[in-house]
Amino acid sequence: MKTLTVSVVTPDGPVLEDAYEMVSCKAESGELGILPGHIPMVAPLTISSIRLKQEGSSERIAVSGGFLEVRPDQVTILAQSAEKPSDIDIDRARRAKERAEQRMANKQSDIDFRRAELALKRAINRLDVKNNNF
Amino acid sequence: MASLRDIKGRITSTKKTKQITKAMEMVSASKLNKAEQNARSFVPYSEKIQEVVASIAAGGGDASHPMLEARDVKRTGYLVITSDRGLAGAYNSSVLRKVYQQIRQHHNSAEEYTLITMGRIGRDFFRKRNMPVDKDITGIADQPDFADIKDIASETVQLFTDGEIDQLYIYYNHYVSAITQEVTEKKVLPLTNLNPEGKAGTSSYEYEPDEEEILEVLLPQYAESLIYGALLDGKASEHAARMTAMKSATDNADELIGDLSLSYNRARQAAITQEITEIVGGAAALE
């Protein structure tokens with residue numbers, strides 16, 4: 001089986017680098033599935049989870065935005081933050097979720113609201129990846 | 001000549017100071033190690049993002065974005081990276097002097113520029129001189145995460161996008177080695193020199209959905225990463241500067257202790273000699 005080298009890189013250092021059979025992720029324009037031999041491509045990602053398939057098992061990684069660069073034998077994901085389920089601090093994510101919900105409830109300005117909304121999305125995404133409920 | 005007790009007092013206090021500076025030196029050395037590591041782990045990210053940005057800028061002729069275009073400069077933003085605490089030798093003062101000179105040279109009124117400062121020393125320096133500090137962040141950790149500075153970085157980039165500033169310079173100490181740090185000026189926005197090595201055409205990409213949308217996401221992220229990179233570099237310099245400063249303070253204390261011990265021994269010897277002379281003199285008077 002052909003494989004792709006997937007590397008996930010963040011400003012705080014590389015998170016993961018390994019060979020996988022398939023990468024599926026959610027780009028701004030919709031779901032993308034990438035198999036080896038894909039045409040070179042760049043796409044922005046949403047706050048979502050990336051699924052990596054390797055010999056029957058699959059892994060998830062929570063990313064907060066960023067983008068994806070595809071080459072025939074290589075996929076690079078550049079995100080401002082990316083975490084494996086084992087690295088997610090569930091208490092912190094829960095607290096962030098509550099904080100964001102509170103801030104959205106007493107809405108002050110549009111900018112704050114938008115920022116809180118994004119923070120909420122990130123928190124929910126982390127919790128989902130951690131609990132593996134999709 | 002100072003009395004024996006005075007000298008002894010000074011020796012003990014210098015010894016205590018030396019202990020402190022020695023400890024600070026070692027703390028900074030270990031922090032420097034960590035900061036260097038952080039700066040290194042950031043390299044793959046910055047290289048990759050630069051590569052993609054450059055190939056888009058080189059590949060697509062019609063792709064345009066406000067952040068790529070130089071416009072008439074009405075207002076300039078200066079982002080200055082300093083530390084929160086002093087005791088780091090010339091680390092802060094050299095950066096601040098450079099920024100101050102630049103501003104004096106290029107601007108006549110406070111309307112023409114704005115400052116964004118990272119670190120307390122920088123903020124206080126400019127506030128004291130009544131210069132406009134638009135945004136500031138203090139209390140950055142010694143090993144900063146990207147999350148710690150994401151807000152101020154994106155707000156700074158936002159200033160440019162909103163047209164509040166027309167160009168952005170960043171000033172920080174570039175880490176050359178543990179004993180050398182260089183004050184560096186870097187133009188971050190607009191992003192005009194994206195493809196310096198001529199690596200064009202390494203790969204032509206398909207864009208999903210299109211180039212403009214990609215640039216929309218990519219360029220702010222790229223600019224933020226430049227700011228973060230400068231901060232990491234600055235942090236490594238800070239620890240290096242502090243380490244060197246503390247090392248020379250420790251050396252100076254050693255030297256001072258040596259001098260003081262010498263005069264202490266001299267004074268002690270003089271006191272003994274005097275006592276003997278007095279006894280001998282007294283005995284002679286009795287005969």
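Me: What counts as a helix or a strand here?
Reply: Both are DSSP runs, numbered from the N terminus: helices are H or I with at least four residues, strands are E with at least two. This is a predicted model, where local features need pLDDT of at least 70, side-chain atom pairs count only at pLDDT 80 or more, and totals for chains, interfaces and linings use all residues. Residues are numbered from 1 along each chain as its sequence is written, and chains are lettered from A and ligands numbered from 1 in the order in which they are written.

Me: OK, how much helix and strand do residues 4–82 of chain A have?
Reply: That stretch is 0% helix and 70% strand, with its end C-alpha atoms 19 Å apart.

Me: And which domains is chain A divided into?
Reply: Domain 1 covers 4–85 and domain 2 covers 88–131; the bounds come from an automatic or database domain assignment. The C-alpha centres of these two domains of chain A are 23 Å apart.

Me: How many residues are in contact between them?
Reply: Eight residues of domain 1 of chain A are in contact with eight of domain 2 of chain A. Contact means that the C-beta atoms, placed from the backbone, lie within 7 Å. On the domain 1 side, strands E6 (48–54) and E7 (57–63) of chain A each give two or more residues.

Me: Switching topic: how many residues of chain A are in contact with chain B?
Reply: 23 residues of chain A, against 25 of chain B. E5(A) gives the largest share of the chain A side, four residues.

Me: What does E5(A) join in chain B?
Reply: Two bridges join E5(A) to strand E6 (residues 206–207) of chain B, and the two run parallel. Strands pair if DSSP finds at least two bridges between them. A:Met41 stands opposite B:Glu206 there.

Methods. Contact = placed C-beta atoms within 7 Å.
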